[in-house]
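Me: I've got a structure to look at and I'm new to this. Can you walk me through it?

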Amino acid sequence: MRRDDTRDLNPDLDSAERRGLLLATVAGLALAALMLVAALLPMSPWRNEEGGFLPDSPLLDSVTFIVFLLFLVPGIVYGFASRSLLQASDVPKVMGLGIKDMASFIVLAFVLGQFIALFNWTGVGSALAVAGASGLESIGLVGLPAIIGFILLASVLNLFIVSGSSMWTLMAAVFVPMFALLGYEPGFIQGAFRVGDSATQVITPMNPYLFVLLMLVKQYEPKAGLGTVISRMLPFVIPFWVAWVLVLVVFYFAGWPMGPGVGIRIGG
């Protein structure tokens with residue numbers, strides 16, 4: 001594996017890198033075409049028993065593996081074509097470097113996995129879901145206002161828990177079964193969560209990327225601080241929040257599916 005950490009980063013590609021990109025693109029397109037042909041064959045093993053793909057099929061179950069291959073094959077082709085990979089043993093080394101960068105997320109996912117397992121084992125999540133659903137039904141808050149309240153809660157919590165995957169893991173254990181008891185699809189609830197999660201990301205000082213933005217702002221305003229960045233981004237929060245909520249409201253009243261086989265209400 002070629003390692004040259006001392007050379008300056010240069011946006012211009014040399015001949016080997018251009019050849020690597022070209023061959024990687026060809027390899028990626030060829031692999032995608034091969035998969036497409038394999039999926040479109042009448043007797044394809046990627047089809048379900050009815051001969052289709054929705055709402056469930058081996059093709060959809062293999063999405064993770066397909067995406068993995070679509071990244072792996074062009075990456076390997078580029079590596080050998082550009083001479084950044086010199087032998088087969090370099091491939092796992094490079095993949096190991098990628099895992100190294102994800103180590104903090106893997107540790108976080110492990111801890112969250114243990115938390116969710118214990119949370120489900122205690123039955124607290126189910127109890128809270130039943131109690132919450134009963135409470136909302138008793139006060140008549142079972143329609144769109146309940147969804148708006150959930151979005152507001154996600155927006156507020158997003159100021160303290162920046163990681164969307166972490167916050168969804170914590171909230172989903174209670175709110176997905178709670179809204180399921182009220183008749184809402186988990187996919188729709190996740191869509192509502194993403195609305196609340198996206199709007200306030202740019203104003204929380206817990207967001208590490210805010211400091212990256214601050215460093216860029218300091219190039220033009222040396223006296224700028226974190227408050228400067230937040231105040232500049234604040235005018236965007238409410239319009240974005242309102243716009244995304246309106247999009248969700250349109251889906252809610254129109255009854256449009258949130259995705260393949262995922263509607264607004266269970267069985268709807």
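Me: How far apart are the mean positions of the positive and negative charges of the protein chain?
Reply: They are 10 Å apart, for 14 positive and 16 negative charges. Lys and Arg count as positive, Asp and Glu as negative, while His and the chain ends are not counted. Each charge is placed at NZ of Lys, CZ of Arg, CG of Asp or CD of Glu.

Me: What kind of model is this, and what should I know before reading on?
Reply: This is a predicted model, where local features need pLDDT of at least 70, side-chain atom pairs count only at pLDDT 80 or more, and totals for chains, interfaces and linings use all residues. Residues are numbered from 1 along each chain as its sequence is written, and side-chain values use heavy atoms, with hydrogens and water left out.

Me: OK. How many helices and strands does the protein chain have?
Reply: The protein chain has 11 helices and 0 strands. From the N terminus on, the order is α-α-α-α-α-α-α-α-α-α-α. Helices (H or I, at least four residues) and strands (E, at least two) are DSSP runs, numbered from the N terminus.

Me: What radius of gyration does the protein chain have?
Reply: The protein chain has 24 Å, whereas a compact globule of 268 residues would have a value near 18 Å. The radius is taken over C-alpha atoms, and the globule rule is 2.2 Å times the number of residues to the power 0.38. Along its principal axes, the C-alpha trace spans about 70 × 65 × 40 Å.

Me: And what share of the residues counts as buried?
Reply: Of the 268 residues, 31% are buried. Buried means under 20% relative accessible area, exposed means over 50%, and partly exposed lies in between (1.4 Å probe, protein chains only).

Me: What about the surface: how much of it belongs to carbon and sulfur atoms?
Reply: Carbon and sulfur atoms hold 73% of an accessible surface of about 16800 Å². The areas come from the Shrake-Rupley method with a 1.4 Å probe; for residues, only the protein chains shown count as cover.

Me: Let's zoom in. Is S155 buried or exposed?
Reply: S155 is buried, because its relative accessible area is 6%. S155 is found in helix α7, residues 144–157.

Me: Which residues is S155 in contact with, beyond its neighbours within four places in sequence?
Reply: They are G196, T200 and W241. Contact means heavy atoms within 4.5 Å. The side chains of S155 and W241 also make a polar contact at 2.9 Å. That term means a pair of N or O atoms within 3.5 Å; within protein, one must be able to donate a hydrogen and the other to accept it, and residues adjacent in sequence count only if both atoms are side-chain atoms.

Me: Switching to S82. Where is it?
Reply: S82 is in the loop between α3 and α4. S82 is buried, with a relative accessible area of 2%. Its side chain reaches the backbone oxygen of G79 at 3.5 Å. Another polar contact, of 3.1 Å, joins the side chains of S82 and S84.

Me: What is phi of R83 near?
Reply: Phi of R83 is near 70°, a positive value in a residue other than glycine. Most residues other than glycine have a negative phi. R83 sits in the loop between α3 and α4 (90–101). R83 is partly exposed at 46%.

Me: Now L70. Which residues does L70 touch, not counting those up to four places away in sequence?
Reply: L70 touches G28, L31, A32 and M35. L70 lies in helix α3, residues 63–81. At 32% relative accessibility, L70 is partly exposed.

Me: Last one: what does the side chain of S198 reach?
Reply: The side chain of S198 reaches the backbone oxygen of R194 at 3.0 Å. S198 is found in helix α9, residues 186–199. S198 counts as partly exposed, at 35% relative accessibility.
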